[in-house]
Number of protein chains: 2
Amino acid sequence: MTKAYHALEARFRRINVLSDIGGMLHWDMAAMMPDGATASRSEQLATLEVMGNELINDPALPDLLAAAADENLNDWQRANLFEMRREWVHGTAVPVDLVEKQSRAGTACEVAWRTARVDNDFAGLLPKLQTVLDLSIEAGQAKAAALNCSVYDALLDQYDPMMSCARIDTLFAELETFLPGFTAGVIDHQKSEPAPVRPQGPFPVEVQKQVGLYLMAAVGFDFDNGRLDVSHHPFCGGTPDDVRITTRYDEDDFTSAIMGVLHETGHAMYERGLPLDWRLQPVGKARGMTLHESQSLLVEMQACRSQDFLTWAGPVFKNAFGGADGAWSGDNLHRLYTRVEPGFIRVDADEVTYPAHVMMRYRLERALIEGDMKLADLPGAWREMMQKFLGITPPDDRTGCLQDIHWPSGAWGYFPTYTLGAMSAAQLFAAARDALPDLGANLASGDFGPLMAWLLRHVHGLGSSLSTDEILMQATGKPLGTDAFIAHLETRYGAKSG
Amino acid sequence: MTKAYHALEARFRRINVLSDIGGMLHWDMAAMMPDGATASRSEQLATLEVMGNELINDPALPDLLAAAADENLNDWQRANLFEMRREWVHGTAVPVDLVEKQSRAGTACEVAWRTARVDNDFAGLLPKLQTVLDLSIEAGQAKAAALNCSVYDALLDQYDPMMSCARIDTLFAELETFLPGFTAGVIDHQKSEPAPVRPQGPFPVEVQKQVGLYLMAAVGFDFDNGRLDVSHHPFCGGTPDDVRITTRYDEDDFTSAIMGVLHETGHAMYERGLPLDWRLQPVGKARGMTLHESQSLLVEMQACRSQDFLTWAGPVFKNAFGGADGAWSGDNLHRLYTRVEPGFIRVDADEVTYPAHVMMRYRLERALIEGDMKLADLPGAWREMMQKFLGITPPDDRTGCLQDIHWPSGAWGYFPTYTLGAMSAAQLFAAARDALPDLGANLASGDFGPLMAWLLRHVHGLGSSLSTDEILMQATGKPLGTDAFIAHLETRYGAKSG
């Protein structure tokens, strides 16, 4: 008998359809929607959230969850039940009116942020951002009580189940020990090399788009189940059967849009590769944002910034954009794409300085959430932290604390997953390289097939049937750690790599 | 006390938010969605339909509707309550599992139709189309029992409340008496005139789009609350605060995309002008498809095919597309846009032969719904009917019974509203001309302001607070009739118009 379990499946299916619909509306809001529709879209998203919340707060659920635990379930069903319970804990911890307030405040603040960023107007955004922060703290407190953890850990758990500040502090401390000296050494070393030749633009948007589509296809993006569009902040949205990725174009610089597309394609491959038999069930979803980010960074940083791949991509760029041969050689592109330089903008950062962006945001958001800092003091604290971590000070808030969409949209506790993802990416790529002796040669011919097949088997196709650490253990032999990431940086950027 | 009434408002607000979300997903499906996402989109749309249906089938509603009737309501609230009851009758007549089946079958058949039309494959579409028809009849029977009317009248009532076959038969009989002789006379007369010069293409898609956007702005389209995109079948979708219109481009012929855009802009102006205070309430919605079509045809046929407007538009086209002066003169464009010629494709038809397309579809769909004809016999019956009404026979089903999206998507009983809309458009435009002595001069300078202000006051802003006939009575002094339409055709196309 699996009657209770199947009743749960039907309920979670509906909950997840509503959540998928929300995913489509979010994509539309970022990529298509005219600004005047903000209020009505906000109501649509809030209604979906509230109805989803009502479904998970159905008083019948606790009995069904208890009854299903005694039923004869197979491994995937049992994992699904475990994830149902997790979603139930999160979904019932927060009162429905707070869920609705969060949804509305997040949508309104996200839209206001678009203008505030352009106008460099932190003060103008402050009241809306304060509301979003206060509501996130209130929700975090409710979840902390349910999960028996700290508020920050509770927020973190939404994005990366079972991660904790204690573990992040340990991992980040290892990076903070290693990175400053290493970064200074790399910058010194790169000064001694010939500077990479920067291809000259303009790079027409339409041509960049065509190159992006070509590279997406090479990685394996399924255009029958996805699209590429434009938004202020690149992201991967939609649903596993309709993956919508976005980028933004700069006609003076082709590097960022194209690497951005490859990054989002990594996310897309994960979504698309989730287990087909478990669509719309909790166990069929991506494991968490750390593994999600590992997939985008594995494609972008590990595979596509390798000299192997860039040797193949050079002629693609040259055909598309024209210009001098030297700029498009694999060697030059590799030097260009592995150039290390502290900068203000996280999404434009190289992989050596990127962790500093994340670690400072982690400290700032923890201070804000734990009440150790006022939101009004964020711009100043940001500048100080930037100086401490990267030795530079942004000239304005546009290039400072207003650059990211996360906080305005309500995603507090999300930032650490970027660097945890970078570590996981290095760990997974090292294991893939061990398992696939021809991996370098594959990438050098634009063939992502073997790599994607390996990822499908070891990551994508597992959905949430295992924990992040279990997935990493099975695939790499170790739980999440900094070793592979540090080894990767040393190999790619260390003096010995030349 | 308006406690029951306000409880109803809250419930209908949620129902209509779900319906608006469905509107956005429908637009996305037609304009953006990759084909591989059909099954998952179908489930999303079905879930929204079912959840909306569950809300309207809430056992508390009948008591609330009864209690609200005794409350102290103002006129708009009372009209809203009347419309709530109407939606409740429609929504409760059909069992929820049938609603879900209809939604899924309609989505699947609509997608299959896109391919079937291109492949000229009626036989391939037949099984899916039969399912859609059978489910529509089943739903129509349930509604007929609730509304105490015939099945066809029940289907019609979904699109044009209180319209009936009896009334359509009378109105269409008047047209069938008038049109054949008149059409033959116009064609003869036009043969005696110099043939219009057809501007030579190609007309680049991007330029057509820019011209379309320019004309939309002239009519008054609010781009802060709407967009223009591309789809197989042009339509106006989205929501009143986010109106999404679509068109399709032909680089060899600029006429159809641009008039299509103007047509959909007429729909958009209606949606956008609906009473702001009654958003998401039944009374705040458009009155029905007859009045909706009257607004698109008023803009396209009455205003934008007038010599006044085309004299202003000629230089716009000339600037955009270049080419010989003569082709872009107001006089030539007017002759081009009022050319009468029987053709196979409804959406490309001139306004004199258009009613024949509608009247034959009305007969065919009635025969199918009333069981007087088998669906497998449709292609043959279509050819016969086309010969009878327009004296021509389409060479294939692509240009025959596969041309329209309506039946595959489940919109049976919809077609008559096109011609009822053309009549209403003529009636409203004649009244607007009487009320606005400068209307011709306004259009000749591209100024739609006074016309749109008049329509906002007499049609758009009334929502569903009055019936179609009441709206027409207040605006024009008469209920829906054929007089103004016939007078319009005689003035524009009669020999005396020269």
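## The sheet of chain A

In strand 3 of chain A, Asp229(A) has Thr246(A) as its bridge partner. Helix 1 (residues 3–31) of chain A packs on the sheet and touches strand 1, strand 2 and strand 3 of chain A; the direction of helix 1 makes about 140° with that of strand 2 of chain A. Helices (H or I, at least four residues) and strands (E, at least two) are DSSP runs, numbered from the N terminus. Contact between two residues requires that their C-beta atoms, placed from the backbone, lie within 7 Å. Axes are lines fitted to C-alpha atoms, for helices over the stretch in contact, and angles run from 0 to 180 degrees between N-to-C directions.

This is a predicted model, in which local features need pLDDT of at least 70, side-chain atom pairs count only at pLDDT 80 or more, and totals for chains, interfaces and linings use all residues. Residues are numbered from 1 along each chain as its sequence is written, while chains are lettered from A and ligands numbered from 1 in the order in which they are written.

The sheet of chain A is open, with three strands in the order 1-3-2 and mixed pairing. Its edge strands are strand 1 (226–230) and strand 2 (236–239) of chain A, each of which pairs on one side only. On average, neighbouring strands of this sheet are turned by 20° against each other, direction ignored. Strand 1 of chain A pairs with strand 3 (residues 242–247) of chain A in the parallel sense over five bridges; two strands count as paired if DSSP finds at least two bridges between them. Helix 10 (residues 254–273) of chain A lies across strand 1, strand 2 and strand 3 of chain A, and runs at about 165° to strand 3 of chain A.

## Helix 6 and helix 7 of chain A

The axes of helix 6 (residues 122–147) of chain A and helix 7 (residues 151–159) of chain A come within 8 Å and cross at roughly 90°. Helix 6 of chain A is therefore roughly perpendicular to helix 7 of chain A; angles under 35 degrees count as roughly parallel, over 145 as roughly antiparallel, 65 to 115 as roughly perpendicular and the rest as oblique.

From helix 6 of chain A, the residues Ser136(A), Ile137(A), Gly140(A), Gln141(A), Lys143(A), Ala144(A) and Leu147(A) meet Val151(A), Ala154(A), Leu155(A) and Asp157(A) of helix 7 of chain A. The residues of this contact divide into six nonpolar, three polar and two charged. In this classification Ala, Val, Leu, Ile, Met, Phe, Trp, Tyr, Cys and Pro count as nonpolar, Asp, Glu, Lys and Arg as charged, and the others, Gly among them, as polar.

## The sheet of chain B

Chain B holds an open sheet of three strands in the order 1-3-2, with mixed pairing. Strand 2 of chain B and strand 3 (residues 242–247) of chain B run antiparallel and are joined by four bridges, and a hairpin connects strand 2 to strand 3 of chain B through two residues. Gly237(B) stands opposite Arg244(B) in strand 3 of chain B. Strand 1 of chain B pairs with strand 3 of chain B in the parallel sense over five bridges.

Six of the six residues of strand 3 of chain B are buried, so this strand is largely enclosed by the rest of the structure. Both of its faces are covered, with Asp242(B), Arg244(B) and Thr246(B) buried on one side and Val243(B), Ile245(B) and Thr247(B) buried on the other. A residue is buried if 20 or more other C-beta atoms lie within 10 Å of its own, exposed if 12 or fewer, and partly exposed in between; C-beta atoms are placed from the backbone.

## Helix 13 of chain B

The buried residues of helix 13 (residues 330–337) of chain B are Asn332(B), Leu333(B), His334(B) and Tyr337(B). Their cover includes helix 12 (307–321) of chain B.

## The relation and contact of the chains

In the interface, 26 residues of chain B are in contact with 26 residues of chain A. Helix 1 (3–31), helix 2 (38–56) and strand 1 (226–230) of chain B each supply at least two residues of the side of chain B that touches chain A. The largest share of that side, seven residues, comes from helix 1 of chain B. By class, the side of chain B that touches chain A has nine nonpolar, seven polar and ten charged residues. Because 100% of the interface residues of chain B are also interface residues in chain A, the copies meet through the same surface.
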